[in-house]
Amino acid sequence: VQLVESGGGLVQPGGSLSVTCAASGSIFTIEVMAWYRQAPGDQRELVATVTSDGATNYLDSVKGRFTISRDGAKNTVDLLMNNLKPEDTAVYYCHAVLTETWHSPRQLYWGQGTQVTVSS
């Protein structure tokens with residue numbers, strides 16, 4: 001199983017950006033998809049999650065600005081980021097909790113990360 005992120009880049013404060021993650025390989029079901037981020041010198045933090053039934057959860061500092069969504073048929077998850085602030089600058093990582101077959105245990109997977117930089 002691989003998680004591949006795309007999107008990200010440089011944006012001015014107040015701007016918008018979207019990152020996408022596509023999961024591929026032997027996948028039976030994906031229970032949770034999420035985005036984490038890690039700024040230099042900081043610990044990795046959970047930004048947003050979306051479950052298989054569409055329930056979402058957000059880090060307090062991004063509520064009202066970020067929207068997470070997933071496409072169950074395509075095994076993708078998007079993070080739309082609006083009104084970006086310099087403190088949102090970080091490497092954003094895709095994360096998935098999934099099973100590869102009907103009898104497999106849950107496994108955790110990470111993407112390679114994509115840089116988001118908010119600067120004027």
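Cys 21 and Cys 94 are both buried, where buried means under 20% relative accessible area, exposed over 50% and partly exposed in between, with a 1.4 Å probe and protein chains only. This is a predicted model, in which local features need pLDDT of at least 70, side-chain atom pairs count only at pLDDT 80 or more, and totals for chains, interfaces and linings use all residues. Residues are numbered from 1 along each chain as its sequence is written, and side-chain values use heavy atoms, with hydrogens and water left out.

A disulfide links Cys 21 to Cys 94, S to S 2.1 Å. The term stands for a pair of cysteine sulfur atoms within 2.5 Å. The structure holds one disulfide. Its angle about the S-S bond is -80°, a left-handed link. Cys 21 sits in strand 3 (residues 17-24) and Cys 94 in strand 9 (residues 90-99), so the pair ties together parts 73 residues apart in sequence. Strands (E, at least two residues) are DSSP runs, numbered from the N terminus.

Strand 7 (residues 66-71) and strand 8 (residues 76-81) run antiparallel, joined by six bridges. Two strands pair if DSSP finds at least two bridges between them. Thr 67 stands opposite Leu 80 of strand 8. Four residues lie between the two strands of the hairpin, and Asn 75 in the turn has a positive phi of about 55°.

Last, Ser 119. It falls in the segment after strand 11 (114-118). Ser 119 counts as partly exposed because its relative accessibility is 37%. Leaving aside residues up to four places away in sequence, Ser 119 touches Leu 10, Val 11, Gln 12 and Pro 13; contact means heavy atoms within 4.5 Å. Lys 85 is 34 residues from Ser 119 along the chain, and their C-alpha atoms are 8.0 Å apart.
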